[in-house]
Amino acid sequence: MQQPAHLDDLRDMSARVGKNILLVQGAGGNSSVKDGDVLWVKASGTWLADAKDKDIFVPVSLSAARIALAQGDERVPLAPGATTTLRGSIETSLHALMPHPVVLHVHSVNTIAWAVRTDAADELARRLDGLAWRYLDYCHPGLPLAQAVSAAIAEDNVDVLILGNHGLVVGAANCAAAEALVADVETRLALETRDTPPADDAALRAICAGTDYRLPSDPRCHGIATDRHNLAVATGGSLYPDHVVFLGPAMPTLENGKRLEEANGPLSPVAILIPGKGSIIRKDASAGAEAMLSCLALVTCRLPQNAEIHYLTAQNEHALLNWDAERYRQQLTASR
């Protein structure tokens, strides 16, 4: 089917945003633009960073999507004449629901570092003063989140949504305005990063020798394990959905005296923290898993040591790990 001219603007914006690891990691985040009764939305499992090089947007029937949402159905039909085999984003219902012509959802590490805290309400109110914004407690992605957003925007005009344990959503009149609004929120919510002790590369390589593990590509990942506070946060539970999907619940550690060979095998952890030494990751880990380990490093070093953390519950984790939509997204990410 014919693509609207302003889809090029969406591609340009999405590629810029998707290449900024402070905003998007791997297949996370999504964007959309409305064209009459067609919603062009990022396909599930694709990367915003690829927006200019690949056809990552799928056309969805906007009216049908809103009807499905009203009926409690998150299965969103493609627009008539669509020929793609890709699925719309997990968050398609959210994009269809918001009235703005352009919607942009990112997993900003600054936003997440606020959205995982139970003691952030007053500071968020001060920093976001003057914006039309709302905070929403954590909801399972997809239909439950869209329903929560529906209730919020029914009460007032909302351009900015801070999603508990999840990220940031903005709506705007066009792509330039959406990108500018994200930049504004980023400036307001910017947090200082704490320096972390260096990794013990020699020790990590010795630990990995002859195993299914290696050092991560991003050296920042070691700070999760070399900094005591970061280590405590990372092992205390799961902070946001994509961590659970790509790395599993919380973060396992390899304590002194335990052999890494004991962790080998098809069900072994995707990544492991070696306290005081650094992080290691499976050799067969997807690019999405690598990106999420980097995300964890970027978030934990922004959390003050006195922050009160709200983790996802075991029920939240179970719902994510047993969701067909997320399995599909993992498969596409692995084959990128």
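Predicted model: local features only at pLDDT ≥ 70, side-chain atom pairs only at ≥ 80, totals over all residues.
Reader: In which sense does β6 pair with strand β5 (residues 133–136), and over how many bridges?

Author: Look at the sense of pairing, then at the bridge partners. β5 and β6 pair in the parallel sense over 4 bridges. Arg-134 has Leu-161 of β6 as its bridge partner. The two strands and helix α6 (residues 143–155) make up a β-α-β unit, which is right-handed.

Reader: What do β6 and strand β7 form?

Author: They form a hairpin, with 3 residues between the strands. The pairing of β6 with β7 (residues 167–172) is antiparallel, over 4 bridges. Leu-163 is opposite Gly-167 of β7. In the turn, Asn-165 has a positive phi of about 55°.

Reader: Turning to helix α10 (residues 228–236), which residues are buried, and what do they pack against?

Author: For a helix, list the buried residues, then the elements in contact with them. In α10 the buried residues are His-229, Asn-230, Leu-231, Val-233 and Ala-234. They pack against α9 (223–226), β9 (271–274) and α12 (287–300).

Reader: Which residue caps the N-terminal end of α10, and which residue follows the helix?

Author: Asp-227 is the cap, with a side-chain oxygen 3.0 Å from the backbone nitrogen of His-229. After α10 comes Gly-237, with a positive phi near 160°.

Key:
Residues numbered from 1 in each chain as written. Heavy atoms only, no water. Buried < 20%, exposed > 50% of the residue type's maximum accessible area, 1.4 Å probe, protein only. Contact = heavy atoms within 4.5 Å. Polar contact = N/O pair within 3.5 Å; in protein donor to acceptor, adjacent residues only side chain to side chain. Pairing = 2+ DSSP bridges. Right-handed = clockwise from strand over helix to strand, strands pointing away.
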